Amino acid sequence: MNCISVESLAKSYHEKWLFTNLSLGVNQGEKIALIGRNGIGKSTLLRIIAKGEEPDKGEVVHNKLVKVVYLPQEPFIEPAKTVWEVIFDGTNPLANLVSRFEMAQSDPQFDPDELAEIMEEMDLFKAWDYENMVRETLARLGITDFKQMADRLSGGQKRRLAIASMILKQPDVYILDEPTNHLDIEAIEWLEGLLSSKNITLIMVSHDRYFIDRVCNKIVELDQDTIYTYKGNYNYFLEKKSERLQIAATEQQKARQLMLKELEWMRRQPQARGTKSKSRIESFYELKDKADKRFDENKLELTVKAGRQGSKILELNHIVHGYGETNLINDFSYVFKTGEKIGIIGKNGAGKSTLIDIITGRLKPRKGNVVVGQTTGFGYFSQNSAPLNPEHRLLDDIREVADNILLENGKTITAARFLEKFLFRKEQHFTPLGKLSGGEKRRLQLIKILMTSPNFLILDEPTNDFDIDTLNVLEDFLENFQGNVLVVSHDRYFIDKICDHVFAFEEDGRIKDFPGNYTDYRNLKADQNKAETLKAKIDRDKNNVNQKEKSKEKVKLSFKEKHELETLTKDIENLETEKNRLVEQLQNASEDYTLISEISERMQEVTQQLDEKEFRWLELSELENS
């Protein structure tokens, strides 16, 4: 079934056409990744597909039978609402039902008969399960305070709340713009599993290559006003794109050779050319366009000259830091060695950026000290971009740092050429900074840091807002970089490719120095969890076997079993009384969601105990009567 049809779209921006005559279909079950360099129009295209922006030409048609939900890069959250009110926003029938129940409970004048009807509906539509799903989804995304006002949330928390709200609307089609931004690795892997479901249809823009590879079954590449479609995951796309570029390069070489011959013909006297075929003249210009077509060179073969490093680079001695009574970093020490490339991983709020702030001197630890080598020169790429003058031209702005950059091999490269190496084409060099995309501004910030010749790069979430082409360039650059690299990132592919080992934030402020990349660490933790699960299963199976063997040996009840039977009868009566009391408490509860949750949890415990005791009572009764 076709869910969304895109026909002959065209859109211009800042007097420049982003795309023209673009057509695309989204069918049920398809999971499409939209790929292309920064500024090519990916986010604009998603907004148009979501009907959040009008195209200059063409149309977008949504199937009336499907529900479409759109997640922009910067979602709007109503500030006057609490987290709970954002989730129960009235657009979801289940959410409406739960909301009616909560309002009925909080109103002492509410008709008891009507409340009973609402509770019957809750049972019928399994709305109790929906509330539990809400809590689990929010917890997975790191949101635990349901009464908190939305305007007090950080930008990352607002985005995670928007993701939760989108998921709980249970749409037929997801339109997602960079869904993994501001999520930690654990949350990304959970979302990855959720969106991989066969019943989900989506189209998204993402720079997370592992996420694309594991979620998507179709890649759509935007390149120079042309769409290229690949039916497969990200690895398949890489293979087929490489083949396409090789074929295109061969065809371009042939076109250039033929153009030389045609150029000689075109340069003849006008009167001679006038007697020639008009179609041949038109063919010449088509041939020229093909011969001049640009293919982005993403392979970077340069490294800046890093400043000289001495024997002492950086030492962390028994670092302790936290807020209140909680230590985010608990007695961490490390001596950095020349050329190390280390990734920092952990949950949001674990203390990764805090560690960076301590290393760079922006924050003083509670205990311990940081010793920086005399020759160590930091280049710090933070999450927050430095302010730019929107009137400045791109090339002029970068020349304020340096006109020429010294390379590792002793040669120099001009600022203009350095821009080109980082995917700023010549025709962009005199563009006002105000007209750059968010990703282009971040790329400019990085370039200006690299031009200062640091020998210790610290990168805090460098992959946010970068397209895949830029990430490939940055990765190639860092692999050749002769200095140290310390990187905080949720991009697993990036860490795997760059880092020698990782600092993993674990429980109680412990930081584990693990010799290997993220995937090695993840596999180790998975093996440990499997081993613990297997041991628990073995112990449980042994216990079950022992219980069965003991039961086979007995025919009549022992004195102890008779006493147990009598005790069970009393326990069952007490549990049934408690269950009835809990039902009354649940019906009379206020809007205190914490209390409601506690009552519900106790209700589950009582029900489970009743089931177990009634089953045991039946066993003993049968033995007694046999």
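**Figure 1. Overview of the whole chain.** Among contacts (heavy atoms within 4.5 Å) with a separation of 6 or more, 69% join residues 24 or more positions apart. This is a predicted model, in which local features need pLDDT of at least 70 and side-chain atom pairs count only at pLDDT 80 or more, while totals for chains, interfaces and linings use all residues. Residues are numbered from 1 along each chain as its sequence is written, and side-chain values use heavy atoms, leaving out hydrogens and water. The chain has 20 helices and 20 strands; these are DSSP runs numbered from the N terminus, with helices (H or I) of at least four residues and strands (E) of at least two. Of the 626 residues, 45% are buried, where buried means under 20% relative accessible area, exposed means over 50%, and partly exposed lies in between (1.4 Å probe, protein chains only). The accessible surface comes to about 33,200 Å², and carbon and sulfur atoms hold 48% of that surface. These areas come from the Shrake-Rupley method with a 1.4 Å probe, and for residues only the protein chains shown count as cover.

**Figure 2. The second largest pocket.** Here we look into a space of about 830 Å³. Its lining has 27 residues, and Glu186, Lys347, Phe505, Glu506 and Tyr521 are the closest to the centre of the pocket. Helix H7 (185-195), strand S11 (326-335), strand S19 (501-505) and helix H18 (518-553) each give two or more residues to this lining. H18 gives the most, with 7 residues. By type, the lining divides into 8 nonpolar, 8 polar and 11 charged residues. In this scheme Ala, Val, Leu, Ile, Met, Phe, Trp, Tyr, Cys and Pro are nonpolar, Asp, Glu, Lys and Arg are charged, and the others, Gly among them, are polar. On a 1 Å grid over the protein atoms alone, a pocket is an open set of points with protein on both sides within 12 Å along at least five of seven lines, whereas a cavity is a set where a 1.4 Å probe fits but cannot get out; lining residues have an atom within 4 Å of a point. Points are joined across faces, edges and corners, and a volume is the space filled by probe spheres set on them.

Figure 3. The whole structure holds 3 cavities of 30 Å³ or more. The largest cavity has a volume of about 50 Å³, and its lining includes Leu183, Ile345, Lys352, Glu461 and His490. That lining divides into 3 nonpolar, 4 polar and 3 charged residues. The second largest cavity holds about 40 Å³. Arg37, Asn38, Leu423, Arg425, Gln428, Glu440, Arg443 and Asp467 form its lining, which divides into 1 nonpolar, 2 polar and 5 charged residues.

Figure 4. Most residues other than glycine have a negative phi. Asn21, in strand S2 (residues 16-27), has a positive phi near 55 degrees. Asn21 counts as exposed because its relative accessibility is 61%. Glu461 also has a positive phi, of about 50 degrees, and lies in the loop between strand S17 (456-460) and helix H16 (468-480).

Figure 5. Helix H12 (residues 352-359) is largely enclosed by the rest of the structure, because 6 of its 8 residues are buried. The buried residues are Lys352, Thr354, Leu355, Ile356, Ile358 and Ile359. Just after H12, Gly361 takes a positive phi of about 85 degrees.

Figure 6. Thr376 sits in the loop between strand S13 (367-372) and strand S14 (378-381), and is buried at a relative accessible area of 13%. Leaving aside neighbours within four places in sequence, Thr376 is in contact with Lys312, Ile313, Asn455 and Phe456. The C-alpha atoms of Thr376 and Gly483 are 9.6 Å apart, although 107 residues separate the two in sequence. Gly142, in the loop between helix H5 (127-140) and helix H6 (155-168), is partly exposed at 47% relative accessibility. From Gly142 to Gln157, 15 residues along in sequence, the C-alpha distance is 8.1 Å.
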